[in-house]
Amino acid sequence: MRVLMVASEAAPFAKTGGLADVAGSLPSALARLGCEVTLVLPAYREVFAKGLSVEPMGLEFEVSIGARNLPARVLQSRLPTGNVRVLLVANDECFDRPTLYGGAEDYPDNSERFIFFARAALEAAGRQGQPFDIIHCHDWQAGLVPAYQKLLYASWPALAPARTLMTIHNMAYQGLFWHWDMLLTGLDWRYFNWQQMEFYGQLNFLKAGLVFADAISTVSPTYAREIQREPGGCGLEGVLASRSDALSGIVNGIDTAIWDPRTDRSIPRNYSEDDFDVGKYAARVALAARLGHAAPDPRPLIALVGRLVEQKGIDLVIELLARMAGGGRARFMILGTGNPATEDALRRMAAAFPGTIDLVIGFDEGLAHLLLAAADIALVPSRYEPCGLTQLYAMRYGTIPVVRATGGLADTVVDASPAALGEGTASGFMFEPFNTAALDHAVSRALDAHADRPLWTGLVRQVMQRDWSWEASGRAYMQVYERMRARPPVPVR
Ligand code: ADP
Ligand code: GLC
């Protein structure tokens, strides 16, 4: 099966969050299952800064964006596994910038940038000969691809026979732009209506993807249910409910070549479930040195790695710190970047409890690995979470997650109730109501369990043995592809 995968970021080329982890590892898993996958990405400045091998292909063309023609240059590379071809579409005006999408504010021309990307991705792949069976699009940045495939590229032999799959990683980011940007898309105004591309007077890229794609998926079964009603659907619950037959939820896998304490080169000593205490202690010593502490703190270490935004429940964490940091039961470390007000609130907390809270504001992948190895407990108290990867990484590194029962967190973590502990299925501590008392209760349960050494050791061993590789989820995507191929494409209205 020939699959074209279109995403706005993929590790190791460019990353701001979990989408990059997925788009950088799912294609290799599909290739192992027999697919021939081509991944298309924007050639951001970050791609060239990474020192990866990227070569020109001698393929250049122009893409029309409204009244302008923008030049596209195509470069090629491969994912580190070697089994996936990567095409990078370059246009310096669009992608030679310091960050992927903007800073505190999005870049004002993001609609133009990702209209260019969607069209250039299809044109780059469409000039490669053999037809694709599946075009798999991720998030709003690739949201126009299904519409383009059906409306503008229907005569391209390599693109026309394909079925399109739209995967949602986060309903909160839809790519909403003012209606006049419809002129930039090159699509007819008649598609700008409430059932297709319009959303309360604006142009909505994700909605276009959900309407025009032949099938839709999201990154966990629970999130697939949550987005068909308020508030999870973020206004598109009606669209999703009307397409529930075409919607599936597949939990993300993890890239075990990157996230494995047995082989990870970001940690000082590799470990497995048999010697995790030695490996985690070595990580703790290295972390203390990195932070400038004389010696590691003997108290349990509670970690949080993630984007410091409303989704991630950082407000609860700030309240939790105010309650717990004075009590002395645990040490905390937070690694993240995001909302400036949240960063400041965390800075104030860290300054108030210098011996108990470490805060690193920044995006540092090596440090994320070291911290998840060093910690005993990982906090993921999200308001909502389509899938969540940090709880999966944490578990693999023997760090027990404390999570809110939402989205993929509910699908991947089993609360350590007495029954689950007895059956050997427990993998973390879960709370449901979104409030500090509930989070505090779950953290306190985790700390009580941590104090019971035999119990904790058993829990860590068991959690480290769980298989989060792409094997099962890759097969689930293959089934979705097969089902799509067996059905006619969704007709354009
Ligand atoms: P989301 O995609 O919503 O941000 P996920 O849990 O799916 O959440 O994925 C987040 C990814 O980004 C993980 O690989 C995590 O380790 C990484 N990450 C987030 N913030 C940072 C940071 N400040 N430094 C390093 N890695 C980070
Ligand atoms: C999004 C979601 C996160 C998910 C990731 C990868 O960024 O917020 O929950 O794990 O995409 O699918």
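These are my notebook entries on a predicted model of a protein, written in the order in which I looked things up.

**Ground rules**

I number residues from 1 along each chain as its sequence is written, and chains are lettered from A and ligands numbered from 1 in the order in which they are written. Since the model is predicted, local features need pLDDT of at least 70 and side-chain atom pairs count only at pLDDT 80 or more, while totals for chains, interfaces and linings use all residues; side-chain values use heavy atoms, with hydrogens and water left out.

**Overall shape**

I began with the fold and found 19 helices and 18 strands in the protein, where helices (H or I, at least four residues) and strands (E, at least two) are DSSP runs numbered from the N terminus. The radius of gyration is 23 Å, close to the 23 Å that the globule rule gives for 493 residues, so the protein is as compact as a globular protein of that length. For that entry I note that the radius is taken over C-alpha atoms, and that the globule rule is 2.2 Å times the number of residues to the power 0.38. Along the principal axes, the C-alpha atoms fill a box of roughly 65 × 45 × 40 Å.

I then asked what share of the 493 residues is buried. Buried residues make up 59% of them, with buried meaning under 20% relative accessible area, exposed over 50%, and partly exposed in between (1.4 Å probe, protein chains only). Of the contacts between residues at least 6 apart in sequence, 73% join residues at least 24 apart; a contact here means heavy atoms within 4.5 Å.

**Surface**

The accessible surface of the protein comes to about 19000 Å², and 53% of this belongs to carbon and sulfur atoms. Such areas come from the Shrake-Rupley method with a 1.4 Å probe, and for residues only the protein chains shown count as cover. On this surface I marked a nonpolar patch of about 470 Å², made by Trp-178, Trp-180, Leu-183 and Trp-189. Patches are made of residues with over 30% relative accessible area and no salt bridge, like charges being joined within 9 Å and nonpolar side chains (Val, Leu, Ile, Met, Phe, Trp, Tyr) within 5 Å. Trp-178 sits in strand β8 (residues 176-178), and it counts as exposed because its relative accessibility is 53%.

**Cysteines**

How many disulfides does the rule give? The count comes to 0, a disulfide being a pair of cysteine sulfur atoms within 2.5 Å. I checked two cysteines by hand: the sulfur of Cys-94 is 19 Å from the closest cysteine sulfur, in Cys-137, which is too far for a bond, and the sulfur of Cys-387 is 17 Å from its closest one, in Cys-234, again too far. Cys-94 is buried at 3% relative accessibility, and Cys-387 is buried at 2%.

**Backbone**

Most residues other than glycine have a negative phi, and most peptide bonds are trans, and I therefore listed exceptions. A cis peptide bond joins Ala-11 and Pro-12, with omega about 0 degrees, and Pro-12 lies in the loop between β1 (2-6) and α1 (18-32). Another cis bond joins Glu-230 and Pro-231, with omega about -5 degrees. Asp-139 has a positive phi near 60 degrees and is buried at 10%, whereas Tyr-200, with a positive phi of about 45 degrees, is exposed at 71%.

**Salt bridges**

I counted 29 salt bridges, each being a side-chain nitrogen of Lys or Arg within 4 Å of a carboxyl oxygen of Asp or Glu. In one of them, Arg-68 pairs with Glu-93, the closest N and O atoms being 2.8 Å apart. Arg-68 lies in strand β4 (residues 68-78) and Glu-93 in helix α3 (residues 92-95), so the pair ties together parts that are 25 residues apart in sequence.

Asp-376 forms a bridge with Arg-284, with the closest N and O atoms 2.6 Å apart. Since Asp-376 lies in the loop between α13 (365-374) and β16 (377-380) and Arg-284 in helix α10 (residues 276-291), this pair ties together parts that are 92 residues apart in sequence. Asp-376 is buried at 11%, and Arg-284 is buried at 13%.

Asp-344 and Arg-347 form a bridge with their closest N and O atoms 2.7 Å apart, and both lie in helix α12 (residues 340-352), 3 residues or about one turn apart. My last entry is a network of salt bridges that links Asp-260, Arg-262, Glu-273 and Arg-396.
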